[in-house]
Amino acid sequence: MTERRAGVEKLGIMGGTFDPIHNGHLFVAEEARGAAGLDRVLFVPSGTPPHKRYAGMADAEARYDMVRLAVQGNPYFDVSRIETDRRGRSYTLDTLQEMSALYSNSRIYFITGDDAVLDMLNWHEPYAIARMATLLTVGRPGYARDKISELPQEIRGSVRTIDSPQLDLSSTDIRRRVRAGRSIRYMVPEDVRRYIDDNGLYTDSDGELH
């Protein structure tokens with residue numbers, strides 16, 4: 001896919017494993033877009049994620065395809081192959097650097113959740129990430145937002161919190177439901193549900209989920 005380089009002033013980046021992408025991801029992206037006045041949100045499915053590795057993980061192309069199907073109905077959403085095509089492990093900093101080069105006239109916003117921000121000191125080069133992008137963080141069930149104030153100033157100064165209803169959906173639960181033969185209708189976009197069914201994803205009972 002050819003990345004668009006013009007016409008974007010405020011660009012949201014939403015990365016993740018997206019295994020699979022679900023309606024909670026889409027809702028968070030839309031809430032962030034509205035709250036920050038973003039012109040566009042690029043979803044960036046990871047290629048080889050450095051932290052999330054488990055048996056039964058869908059391959060990068062399948063996860064990219066599911067994101068493409070999920071975002072196709074929203075004119076403000078798009079999907080990038082930057083991490084899908086990258087060799088080796090994918091780090092957020094690498095992606096932000098590439099995006100900054102591609103969209104040199106844009107201000108970059110990185111969309112994430114409270115859980116990820118609170119764990120940010122364990123990321124690869126967290127201070128560099130905070131310098132490169134505004135961190136838009138949406139609440140997640142079970143995480144205390146007030147703990148963000150305990151992060152170093154260099155990081156929390158880049159954080160912008162977004163108040164939003166919290167949808168308690170997780171990719172882990174969706175994979176478990178598929179393995180158990182339970183419905184995931186209304187948890188994921190219908191095109192994604194069909195893709196999972198047509199391709200027999202997440203049906204291997206031997207893989208342990210994390």
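Predicted model: local features only at pLDDT ≥ 70, side-chain atom pairs only at ≥ 80, totals over all residues.
Phe110 belongs to strand β4, while Trp123 is in the loop between α4 (114-118) and α5, so the pair ties together parts 13 residues apart in sequence.

Searching the whole structure turns up three aromatic pairs. In another of these, the rings of Phe18 and Phe43 have centres 6.0 Å apart and planes at 55°, so the pair comes out as tilted. Phe18 comes from the loop between β1 and α1 (23-36) and Phe43 from strand β2, so here the parts tied together are 25 residues apart in sequence. Both residues are buried: Phe18 has a relative accessible area of 3%, and Phe43 has 0%. Together with Phe77, Phe18 and Phe43 make up one aromatic cluster.

Two arginines also sit over aromatic faces. Arg33 lies over the face of Tyr76, at 3.9 Å from the ring centre, and Arg81 does likewise with Tyr64, at 4.7 Å.

Strands β2 and β4 turn up again around helix α3 (residues 92-102). The buried residues of this helix are Leu93, Thr95, Leu96, Met99 and Leu102. They pack against β1 (10-16), β2 (40-45), β4 (107-113) and α5 (126-132).

How values were computed
Residues numbered from 1 in each chain as written. Heavy atoms only, no water. Buried < 20%, exposed > 50% of the residue type's maximum accessible area, 1.4 Å probe, protein only. Helix = DSSP H or I, 4+ residues; strand = E, 2+ residues; numbered from the N terminus. Contact = heavy atoms within 4.5 Å. Phe/Tyr/Trp six-rings, centres within 6.5 Å; stacked < 30°, edge-to-face > 60°. Lys NZ or Arg CZ within 6 Å of the ring centre and 35° of its normal.
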